[in-house]
Amino acid sequence: MFITGLGTAVPEKRYSQLQCLESLRASPQFARLAAPSRVLLERVLGAGEGVQTRHLALESLDEAFELDPDVLYRRYFAHAPELATRAARNALDDAGAMAHEIDALVISTCTGYLCPGLTSYVAERLRMRSDALLLDLVGQGCGAALPNLRTAEALLAAQRCGRVLSVCVEVCSAALYIDDDPGVLISACLFGDGAAAAVTAPRPKKDARSVRWTGATTVADPHARDTLRMEQRGGLLRNILSRSVPQAAAEHASSLLCSELRKRELSMPDIRAWIWHAGGRTVLERLRALTGLCEDDTRRSADILGRFGNLSSPFVFFVLAQALRERAPSGWWWMSSFGAGFSCHGALLEVSTA
């Protein structure tokens with residue numbers, strides 16, 4: 001399988017962490033929080049976890065504190081299809097493909113629920129064929145991009161499809177919750193809104209850099225399920241984020257990497273570019289400590305985190321797109337995502353020159 005096109009999209013409005021902090025201080029929710037919670041918010045939004053700005057589907061930050069289930073549902077319904085469609089169109093343009101040439105649309109999300117799913121709305125906006133296969137994948141959290149691509153790989157390998165459009169979209173501002181749980185507060189400080197898409201096909205794009213998906217692997221640890229998941233409380237999605245997540249993410253990601261390199265008879269120096277999900281600055285720090293990587297190896301992930309926040313499932317597509325724009329060296333690239341479950345995924349990409 002080859003990734004022949006990539007596209008991303010974010011809401012127009014971008015907010016600095018300082019703007020978010022000032023708005024939060026003025027909100028009624030801030031005064032109701034315990035003193036340690038207010039200190040935590042000041043620290044994380046002031047300088048912590050490597051995020052400088054985030055794009056949010058909000059006309060003003062005051063909207064972030066309308067924590068009503070109907071308001072959040074309408075936000076998701078208004079923005080998730082629009083972001084997903086924009087990312088998909090950008091990916092199709094990058095691939096030089098038309099929507100009617102796509103045989104399957106696979107969309108991953110975890111920050112809202114629609115029935116029929118997002119694929120119904122996106123396929124309509126793209127004017128895809130009415131007989132295209134539409135698959136909605138939910139509940140995989142930040143790690144969803146790689147399972148999405150594995151689904152595309154299976155459809156292509158079975159020769160049921162000639163081209164598959166894979167989309168990840170999250171409106172994290174539609175899944176806000178504020179209480180005195182530290183994990184809930186950190187989540188509110190880190191996540192941003194966005195979407196990304198990839199066009200996949202059994203052959204590379206002509207006269208362009210080749211990105212070959214050579215296979216992926218997954219490890220799931222249900223014993224750690226409660227460390228990172230979502231729950232419903234008061235009709236709102238509430239993110240559960242325990243303090244052990246950075247270490248768990250780093251341990252699973254480094255173990256999966258080592259295992260896959262052994263299977264492929266490769267070593268760390270064989271990897272020319274690293275496409276890591278970044279849950280936050282601490283995750284990247286723990287990851288470098290366990291793998292022996294340096295800051296330059298995680299620079300692209302840190303840059304995306306700084307400019308967009310933790311985008312959840314689209315994040316690794318943003319990092320991959322940046323690596324391609326920067327003309328990262330050809331050869332083996334490692335892409336890894338991790339999230340709810342607790343689950344971790346890794347894939348080897350073979351990237352050639354144009």
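This is a predicted model: local features need pLDDT of at least 70, side-chain atom pairs count only at pLDDT 80 or more; totals for chains, interfaces and linings use all residues.

Reader: Which residue is joined to Pro116 by a cis peptide bond?
Author: Most peptide bonds are trans. The bond to Pro116 is cis, with omega about 5 degrees. The residue joined to Pro116 by this bond is Cys115.

Reader: Where is Phe342, the residue reached by the cis peptide bond from Gly341?
Author: The bond from Gly341 to Phe342 is cis, and its omega is near -10 degrees. Phe342 belongs to a loop, the one between β12 (331-339) and β13 (343-351).

Reader: How many bridges join β4 to β5?
Author: Strand β4 covers residues 104-109 and strand β5 covers residues 133-138. Leu105 stands opposite Leu134 in β5, and Thr109 stands opposite Val138.

Reader: Is β4 largely enclosed or exposed?
Author: Ala104, Val106 and Ser108 point one way from β4, and Leu105, Ile107 and Thr109 point the other way. Residues on both sides are buried. That makes 6 of the 6 residues of β4 buried, so the strand is largely enclosed by the rest of the structure.

Reader: Is Arg127 buried or exposed?
Author: Arg127 is in the loop between α5 and β5. Its phi is near 60 degrees, a positive value in a residue other than glycine. The cut-off for exposed is over 50%. Arg127 has a relative accessible area of 71%, so the answer is exposed.

Reader: What is the phi of Glu265?
Author: Most residues other than glycine have a negative phi. Glu265 lies in the loop between α8 (245-264) and β11 (271-276), and counts as exposed at 74% relative accessibility. Glu265 is not a glycine, yet its phi is positive, about 55 degrees.

Reader: How many disulfides are there?
Author: A disulfide needs two cysteine sulfur atoms within 2.5 Å. For Cys294, the nearest cysteine sulfur is that of Cys258, 16 Å away. For Cys344, the nearest is also that of Cys258, 11 Å away. The count of disulfides is 0.

Reader: Is Cys344 buried or exposed?
Author: Buried means under 20% relative accessible area. Cys344 has 0%, so Cys344 is buried.
Cys294, at 40%, counts as partly exposed. For Cys344 the answer is buried.

Reader: How far apart in space are Arg54 and Cys294?
Author: Arg54 lies in strand β3, residues 53-55, and is buried with a relative accessible area of 3%. In sequence, Arg54 and Cys294 are 240 residues apart. In space, C-alpha to C-alpha, the distance is 25 Å.

Reader: What kind of aromatic pair do Trp274 and Trp276 form?
Author: There are 4 aromatic pairs. In the one of Trp274 and Trp276, the centres are 5.7 Å apart, with 5 degrees between the planes. Both residues are buried. Planes under 30 degrees apart count as stacked, so this pair is stacked.

Reader: Which residues do ring pairs link into a cluster?
Author: A pair of aromatic rings is described by the distance of the centres and the angle of the planes. Here ring pairs link residues into a cluster, and its members are Tyr73, Phe77 and Tyr121.

Reader: Which element gives the largest share of the lining of the largest pocket?
Author: The largest pocket has a volume of about 850 Å³. Of its 50 lining residues, the closest to the centre are Cys172, Ala174, Ala175, Leu176 and Met230. Elements giving two or more residues include α4 (69-95), α7 (182-190) and β9 (228-233). The largest share, 5 residues, comes from α7.

Conventions: Residues are numbered from 1 along each chain as its sequence is written. Side-chain values use heavy atoms; hydrogens and water are left out. Buried means under 20% relative accessible area, exposed over 50%, partly exposed in between (1.4 Å probe, protein chains only). Two strands pair if DSSP finds at least two bridges between them. Helices (H or I, at least four residues) and strands (E, at least two) are DSSP runs, numbered from the N terminus. Rings of Phe, Tyr and Trp (its six-membered ring) pair if their centres lie within 6.5 Å; planes under 30 degrees apart count as stacked, over 60 as edge-to-face and the rest as tilted. On a 1 Å grid over the protein atoms alone, a cavity is a set of points where a 1.4 Å probe fits but cannot get out, and a pocket is an open set with protein on both sides within 12 Å along at least five of seven lines; lining residues have an atom within 4 Å of a point. Grid points are joined across faces, edges and corners, and a volume is the space filled by probe spheres set on the points.
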